[in-house]
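Reader: I would like to learn how to read a few features of a structure, one at a time. Please give the general idea before each case.

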Amino acid sequence: MMKRFAVVGSAMLAVALLSGFALRGGPRWGKDPERVKQQVTWKLDDKLDTLDATESQRQSIHAVKDRLFSDGVQLMQEHRAVREEAFQQLASDTPDRQKLHALVDARIEAMRAFAHQATDAALEVHGTLTPQQRKALAEQFREHVGP
């Protein structure tokens, strides 16, 4: 049971890394991704302070964050291009139904791939933390989301 909480807690950390994407997924996202990265870093550092993470753990976890953030920025850039293509199709007199469906399918697959990357990142972070840190993170997660 505790192992499951630890995995869930680690997944929460990955979600925290992604929170910048969710919070800034709208029109402001494209204006300053570095600002979003800075905010995610601050939240992550606060969490690592709470867990009394070592410098080695911090470096490892920040590398995971940077990698995941970079992939998220790329995903958002691709999304903008696809959205523009969809708008062009819908603005035409004869939109291509197959092309629009293919665009949707491609975005779903891209999001699925990113979700798997986030899961792998959570597992990597999970392996970086000590059992006590995982337990603390799981307890914080439980308090945050409730029973």
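Reader: Is Gln89 buried or exposed?

Author: Buried means under 20% relative accessible area, exposed over 50%, and partly exposed in between, with a 1.4 Å probe and protein chains only. Gln89 has a relative accessible area of 14%, so Gln89 is buried. This is a predicted model, in which local features need pLDDT of at least 70 and side-chain atom pairs count only at pLDDT 80 or more, while totals for chains, interfaces and linings use all residues. Residues are numbered from 1 along each chain as its sequence is written, and side-chain values use heavy atoms, with hydrogens and water left out.

Reader: Where does Gln89 lie, and which residues does Gln89 touch, leaving out those up to four places away in sequence?

Author: Helices (H or I, at least four residues) and strands (E, at least two) are DSSP runs, numbered from the N terminus. Gln89 lies in helix H3. Contact means heavy atoms within 4.5 Å. Not counting residues up to four places away in sequence, Gln89 touches Pro95, Asp96, Lys99 and Leu100.

Reader: What else does helix H3 hold, for example at Val82?

Author: Val82 is found in helix H3 and is buried, with a relative accessible area of 18%. Leaving out residues up to four places away in sequence, Val82 touches Leu103 and Arg107. The C-alpha atoms of Val82 and Leu100 are separated by 9.5 Å, and these residues are 18 apart along the chain. Leu68 is also found in helix H3, and at 3% relative accessible area Leu68 is buried. Leu68 and Asp120 are 52 residues apart in sequence, with 9.9 Å between their C-alpha atoms.

Reader: How is the packing of two helices described?

Author: Two packed helices are described by the angle between their axes and the distance between the axes. Axes are lines fitted to C-alpha atoms, for helices over the stretch in contact, and angles run from 0 to 180 degrees between N-to-C directions. H2 and helix H3 (residues 55–91) pack at about 150°, with axes 11 Å apart. That makes H2 roughly antiparallel to H3, a term for angles over 145 degrees; under 35 is roughly parallel, 65 to 115 roughly perpendicular and the rest oblique.

Reader: Which residues make the contact between H2 and H3?

Author: H2 contributes Pro33, Val36, Lys37, Val40, Thr41, Leu44, Asp45, Leu48 and Asp49, and H3 contributes Arg58, Ile61, His62, Lys65, Asp66, Phe69 and Val73.

Reader: Which polar contact does the side chain of Thr41 make?

Author: Thr41 lies in helix H2 (residues 33–50), and the side chains of Thr41 and Lys65 are joined by a polar contact of 2.6 Å. Thr41 counts as buried at 16% relative accessibility. Not counting residues up to four places away in sequence, Thr41 touches His62 and Lys65.

Reader: And His62, where is that residue and what does its side chain contact?

Author: His62 lies in helix H3, and its side chain makes a polar contact of 2.6 Å with the side chain of Asp45. At 16% relative accessibility, His62 counts as buried. Beyond four places away in sequence, His62 touches Thr41, Leu44, Asp45 and Leu48.

Reader: What is the phi of Asp52?

Author: Most residues other than glycine have a negative phi. Asp52 is not a glycine, yet has a positive phi of about 55°. Asp52 is found in the loop between H2 and H3 and is exposed, with a relative accessible area of 63%.

Reader: How many helices and strands does the chain have?

Author: The chain has 5 helices and 0 strands, in the pattern α-α-α-α-α along the sequence. Of its 147 residues, 36% count as buried. Among contacts between residues at least 6 apart in sequence, 73% join residues at least 24 apart.

Definitions and conventions: Polar contact = N/O pair within 3.5 Å; in protein donor to acceptor, adjacent residues only side chain to side chain.
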